[in-house]
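Thanks for coming. I will walk through one structure this morning, strand by strand.

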There are 2 protein chains.
Amino acid sequence: MNPRTSTRPRVYSTLLLAIEVLMVTSSLSGSAFSQDLNTPYVRIAELEVDPAQLESFKAAIVAVGEASVRVEPGCLVLHAVAEKANPSRVRVFEVYRDKDAYQAHLTTGHFKKFRAVTADIVKSRRLIDMIPLSLAAKAS
Amino acid sequence: MNPRTSTRPRVYSTLLLAIEVLMVTSSLSGSAFSQDLNTPYVRIAELEVDPAQLESFKAAIVAVGEASVRVEPGCLVLHAVAEKANPSRVRVFEVYRDKDAYQAHLTTGHFKKFRAVTADIVKSRRLIDMIPLSLAAKAS
């Protein structure tokens, strides 16, 4: 909890993320979204982590998430969740202002530390580029 | 953009979500997180949608996301994203204050309307209960 803001009334509005303009285009294989260049850059990482080191992984992802949204002007969201039925399966949901902000994230000390600390914890990693449809969140 | 707030300086703090207490317990099959009762309730829905109706689906999910975080005190996040390489594959990432808040969400008019409007658009639905590890987001 941030003591400066925890007593403010909650504002029921959505996060101030730019809502991207999506167009539906048709192709031979069916319809597909195409994306405006200025849309947020969103990716999901599907990780398989060592079940014996879940607590270390959690500490590392909490640290990199907190630092990323605090220090980086373009890192908007870094959520990480584990499947309740199989906690070694982790999904990381990241939103950046744009692709440049994501590239900047990769150069930060806190990200490099996260990758070093978790190098032996993360057994596999699948990265999926996503198109944002709705990024609704209660304002803090 | 909300004109009332778009000119405010961005506050670099994290969303005021309660950070759950997670404990690592051991079992014969390895370690697993167990969850505090008061943690946020998080679920991911993996949807397969009709590619010919993506635009209609997007309109419906934008509407339910906006209404949910604005009207429901316990709906904190409703993000929906589509795979860039296969936009008919949609992931919905939802965070509620607790499980009761999620149950309340299911009874709302906007949710029921979303399910009705998308009944013929959503071809399959896989719901996965998740344990939150990090819910970092830049404050709006």
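Let me begin with a pair of strands. In chain A, strand β3 (residues 41-49) and strand β6 (residues 122-137) are paired in the antiparallel sense, over eight bridges. Strands pair here if DSSP finds at least two bridges between them. Within this pair, Ile44(A) is opposite Ile128(A) in β6(A).

Some housekeeping: this is a predicted model, where local features need pLDDT of at least 70, side-chain atom pairs count only at pLDDT 80 or more, and totals for chains, interfaces and linings use all residues. Residues are numbered from 1 along each chain as its sequence is written, while chains are lettered from A and ligands numbered from 1 in the order in which they are written. Helices (H or I, at least four residues) and strands (E, at least two) are DSSP runs, numbered from the N terminus.

Now chain A as a whole. Its secondary structure consists of three helices and six strands, and along the sequence the order is β-β-β-α-β-β-α-α-β. Of the 140 residues in chain A, 40% are buried. Buried means that 20 or more other C-beta atoms lie within 10 Å of the residue's own; exposed means 12 or fewer, partly exposed is in between, and C-beta atoms are placed from the backbone.

One residue to look at is Gln53(A), in the loop between β3 and α1 (54-71) of chain A. Why does Gln53(A) count as partly exposed? Because Gln53(A) has 18 C-beta neighbours inside 10 Å. Gln53(A) is 68 residues from Ile121(A) in sequence, and their C-alpha atoms are 6.4 Å apart in space.

Back to β6(A), which also pairs with a strand of the other chain. Its partner is strand β4 (residues 75-83) of chain B, antiparallel over seven bridges, and there Pro132(A) is opposite Val81(B). In turn, β4(B) is joined by eight bridges to strand β5 (residues 86-96) of chain B, again antiparallel. Cys75(B) faces Tyr96(B) in that pairing.

Which strands form the closed barrel? There are eight, with antiparallel pairing, in the order β3(A)-β5(A)-β4(A)-β6(B)-β3(B)-β5(B)-β4(B)-β6(A). On average, neighbouring strands of this sheet are turned by 35 degrees against each other, direction ignored. For angles, axes are lines fitted to C-alpha atoms, for helices over the stretch in contact, and values run from 0 to 180 degrees between N-to-C directions.

Finally, helix α1 (residues 54-71) of chain B packs on the sheet, touching β6 of chain A as well as β3 (41-49), β4 and β5 of chain B. Contact means C-beta atoms, placed from the backbone, within 7 Å. The direction of this helix makes about 80 degrees with that of β6(A).

Conventions. Two residues are in contact if their C-beta atoms, placed from the backbone, lie within 7 Å.
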